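Hello,

Here is the structure we talked about handing over. Please look it over first; my notes follow below.

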Amino acid sequence: MKNWILFFFMIACVGSSHSQEKLDSLPYTLYKERVVLFSDLGFNAAPFKLKDNFNGGETTLKFKHNLRLALGLGVMYKWFSLRIGFGLPGTLRPKSRFGKSRFTDLGINFNFKKTFWDIDARSYSGYTIVDAYKWNDTLNKLNPNLIRSDTRATSLSVNAWYFRNDNFKMPAVLGKVGHYTRPEGTWYFKGTLNLFGIGNE
């Protein structure tokens, strides 16, 4: 079982960044010569649905993975940023109903001239088909879900921004390696490419 879905769109918007001070020089301050380490903590959810004429008349299968606390570790230097995310021990849902899940995230950000690029690759394995007892005779309401530890979902997302204003810098907007010292805005164009894959190991 393997499905691929591809999305692409482009939009034009107005973006701005605000600050508390006014300086006569550049509207931002960047720490170009400093290596910045950062971390984040949260939950990642990647459910999906499959619709088809399956046996038993069920047309929609709902897949969920067992939520885990995710830790992200990253480094930024000048125009480049790298982040790796992974699941911590323990699960939010009971393993008897949702099994075990594993996931890894890899994110890259970088600037190139007037553009800013954000690339994310994610891999989730270990899913459960929710309420499978409705069409699977081996299950019941006390044990309603079908655990599919070999099911994997992968995704690749590429986002790119083009900024009209030379003084509009995403590192200063994000605030990890710099900040703005006065209000600044720009027109920008954004393009997005998303690729999703579902399969069994």
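Start with Tyr 124. Leaving out residues up to four places away in sequence, Tyr 124 touches Asn 44, Ala 46, His 65, Arg 102, Phe 103, Asp 105, Thr 151, Arg 152 and Ala 153. Bear in mind that this is a predicted model.

Ala 46 and Tyr 124 are 78 residues apart in sequence. In space, their C-alpha atoms are 7.6 Å apart. Tyr 124 itself sits in strand S9.

Is Tyr 124 buried or exposed? Its relative accessibility is 5%, so Tyr 124 counts as buried. The cut-off for buried is under 20%.

**Cores**

Tyr 124 also belongs to the largest nonpolar core, which has 14 residues. Tyr 124 is among those with the most contacts inside this core, together with Phe 48, Leu 50, Phe 63, Tyr 127 and Ile 129. Strands S4 (48-51), S5 (60-65) and S9 (115-129) are the elements that give two or more residues to it. S9 gives the most, with 3 residues. As background, nonpolar side chains in soluble globular proteins tend to be buried together.

**Cavity**

How many cavities of 30 Å³ or more does the structure hold? It holds 1. The volume of the largest cavity is about 40 Å³. Its lining is made up of Met 76, Lys 78, Trp 79, Phe 80, Ser 81, Asn 109, Phe 110, Asn 111, Phe 116, Pro 171 and Leu 174. Three elements come up here: strand S7 (80-87), strand S8 (102-112) and helix H2 (170-174) each give two or more residues to the lining. The largest share, 3 residues, comes from S8. By class, the lining has 7 nonpolar, 3 polar and 1 charged residues.

**Thr 186**

One last site to check. Thr 186 lies in strand S12, which covers residues 184-200. With a relative accessible area of 7%, Thr 186 is buried. Its side chain reaches the backbone nitrogen of Asn 165 at 2.9 Å. A polar atom of the Thr 186 side chain also lies 3.2 Å from the backbone nitrogen of Arg 164.

Over to you.

Best wishes

Key
Residues numbered from 1 in each chain as written. Predicted model: local features only at pLDDT ≥ 70, side-chain atom pairs only at ≥ 80, totals over all residues. Heavy atoms only, no water. Core = buried A, V, L, I, M, F, W, Y, C linked by side-chain atoms within 4.5 Å. Buried < 20%, exposed > 50% of the residue type's maximum accessible area, 1.4 Å probe, protein only. Helix = DSSP H or I, 4+ residues; strand = E, 2+ residues; numbered from the N terminus. Contact = heavy atoms within 4.5 Å. 1 Å grid on protein atoms, 1.4 Å probe; cavity = no way out; pocket = protein on both sides within 12 Å on 5 of 7 lines; lining within 4 Å. Points joined across faces, edges and corners; volume = space filled by probe spheres on them. Nonpolar A, V, L, I, M, F, W, Y, C, P; charged D, E, K, R; others polar. Polar contact = N/O pair within 3.5 Å; in protein donor to acceptor, adjacent residues only side chain to side chain.
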